[in-house]
Amino acid sequence: MELDEQDLRDGLKFLVGTWQVDYIVNAFSNDLAHIPATEFKSEDGTDFTAITYEFFEDHTLILRNSANGREIKGTWEQTGWSEYHYTAEDFYDIPDDSFRKGVETLQVVDGCVVFSIGFLAIGMKKTAEGVVTVQKKQDIGDIEMSEADKKCMDIVGTYRAAKMMSMIGGKFELFPVEEVIADLDKQLAAGAIDEHEAGQMKSLIEARYEFTDDHRVLEMAKVPVGVSEEEIKKAIEAGQIKGYKDGYFSRGEKEWKAIGGKYYYDTQEQREVFGEALSSWDELVFDEDGLLNYGSGFVKLKKI
C-alpha cells in the first residue's frame, strides 16, 4: 500500500504519544468481550495496565513495564492507513516467528491500537499526546501562481461527463454515461424509479463544466424544457443563477489554478481528519484515456 505525505503525517500525529493497555480479548471466548486490563492479571498479581508504549516523532519508541521498572527501546513505522509495525531491541525473549509478528503489528480499531499475543488481542488507549513538530504542507489555496503558471491554459475549455459513478448490476463503480442512461431507462420502465429521480440523474449527466481563462470553473446545468428567455433573464437579475450560455445556466462557480505546471481546483468542500482541517483543493489529473478526474472521482470529464 502506497501512503502519501498526508497519510504519513496523519498517522504520525495519531500514534505519537503514550498508550496504555486498556482491555484484553480472548479469541476463544464465546462473546469476544473486552476484559478490562485491571482484571487480567499475571501469576505475580500484576495487571496489564502496567504496560505502556511511548511513540516518538523520530520513529523510536520505549516500551515500559511499571511493575518492574523495565524499559525496552525500539523503532516503529507506518505500514498502512490503520497499521503500524515496530521492532523492539529485546522483547522478552519472544522467538522471531509468526507469534512475534502478531506482537509487533499494531492495528487501529475504534480509536485504539491493538496487537496480539497468541490467542489474546491487547487493546491500548492513548493516555497522553506526544510532541509532533512536522509542519503542515502549504495549502495550494495559499500559493500564488507564478508568471509561468499564469500561462498554463491547456485545461481551458468546456467538458461533459464521459463516465460517472453509478450502481449497475450490483456494482458501484465508474460506468460510461451511455450505460448509466440505459440503466436509468430500464429502471424507469420497470417502475423502480420515477420520472423525477431519473430526471435528476440525467441532469447530472447532461451538465457542462467550463474552465475559463480567468481561472473559474463554471458548473452548467441544462435549462429545463419550457423555461423562457425572459424567465432566465429575471433569474440572473435576481441572483438566482450566475449566468446563461448555449442553453445552459450556471449553477455555481469554483476557482482553478496552475502551480508548478500542475492544475488544481477548489472543491469548496469542508474536510478534516482527527479534527484538523484539510485542504479543499484537489489536483486535476487526466487519466490514460485523456479523461479529467473531477468531483472527488465521482465523474470523469471529456473536453468537447
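Guide: We may begin with a definition: a polar contact is a pair of N or O atoms within 3.5 Å, and within protein one atom must be able to donate a hydrogen and the other to accept it. The model discussed here is a predicted one.

Visitor: Which residue has a side chain joined to that of K300 by a polar contact?

Guide: K300 lies in strand β21, which spans residues 299-303. A polar contact requires a separation within 3.5 Å. The side chain of K300 has such a contact at 2.5 Å, and the partner is N293.

Visitor: Is K300 buried or exposed?

Guide: Leaving aside residues up to four places away in sequence, K300 touches R160, A161, A162, K163, L174, D287, L291, L292 and N293. Buried means under 20% relative accessible area. The relative accessibility of K300 is 11%, so this lysine counts as buried.

Visitor: Which element supplies the largest share of the largest nonpolar core?

Guide: That core has 27 residues, and I155, F211, W256, L284 and Y294 touch the most other members. At least two residues each come from β10 (157-168), α4 (177-190), α5 (195-206), β12 (208-211), β15 (248-259), β16 (262-266), β20 (292-294) and β21. The largest share is four residues, and the element that supplies it is β10.

Visitor: Which residues does L284 touch, not counting those up to four places away in sequence?

Guide: L284 is among the residues of the largest nonpolar core that touch the most other members. In soluble globular proteins, nonpolar side chains tend to be buried together. With residues up to four places away in sequence left out, the contacts of L284 are I155, F211, Y263, Y264, Y265, L292, N293 and Y294.

Visitor: How many residues does the second, separate core include?

Guide: Among the members of this second core are V16, Y53, I122 and M124. The core is separate, and its number of residues is 26.

Visitor: Are α4 and α5 roughly parallel or roughly antiparallel?

Guide: The axes of the two helices, α4 and α5, come within 10 Å and cross at roughly 175°. Angles over 145 degrees count as roughly antiparallel. The relation of α4 to α5 is therefore roughly antiparallel.

Visitor: How many nonpolar residues are in the contact of α4 with α5?

Guide: From α4 the contact draws on V177, V180, I181, L184, D185 and L188, and from α5 on E195, A198, M201, K202 and I205. Of these residues, no polar ones are counted and three are charged, while the number of nonpolar residues is eight.

Visitor: Where is Q200, and what distance separates its C-alpha atom from that of A121?

Guide: Q200 is placed in helix α5. Its relative accessible area is 46%, so Q200 is partly exposed. Q200 and A121 are 79 residues apart along the chain, and their C-alpha atoms are separated by 49 Å.

Visitor: What separation do the C-alpha atoms of G261 and A148 have?

Guide: G261 belongs to the loop between β15 and β16 and is partly exposed at 47% relative accessibility. Beyond residues up to four places away in sequence, G261 touches D149 and C152. G261 and A148 are 113 residues apart along the chain, yet the separation of their C-alpha atoms is 8.1 Å.

Visitor: What is the phi value of D246?

Guide: D246 is in the loop between β14 (244-245) and β15, and counts as exposed at 67% relative accessibility. D246 is a residue other than glycine with a positive phi, near 50°.

Key:
Residues are numbered from 1 along each chain as its sequence is written. This is a predicted model: local features need pLDDT of at least 70, side-chain atom pairs count only at pLDDT 80 or more; totals for chains, interfaces and linings use all residues. Side-chain values use heavy atoms; hydrogens and water are left out. Buried means under 20% relative accessible area, exposed over 50%, partly exposed in between (1.4 Å probe, protein chains only). Contact means heavy atoms within 4.5 Å. A nonpolar core is a set of buried Ala, Val, Leu, Ile, Met, Phe, Trp, Tyr and Cys residues joined through side-chain atoms within 4.5 Å. Axes are lines fitted to C-alpha atoms, for helices over the stretch in contact, and angles run from 0 to 180 degrees between N-to-C directions. Angles under 35 degrees count as roughly parallel, over 145 as roughly antiparallel, 65 to 115 as roughly perpendicular and the rest as oblique. Ala, Val, Leu, Ile, Met, Phe, Trp, Tyr, Cys and Pro count as nonpolar, Asp, Glu, Lys and Arg as charged, and the others, Gly among them, as polar.
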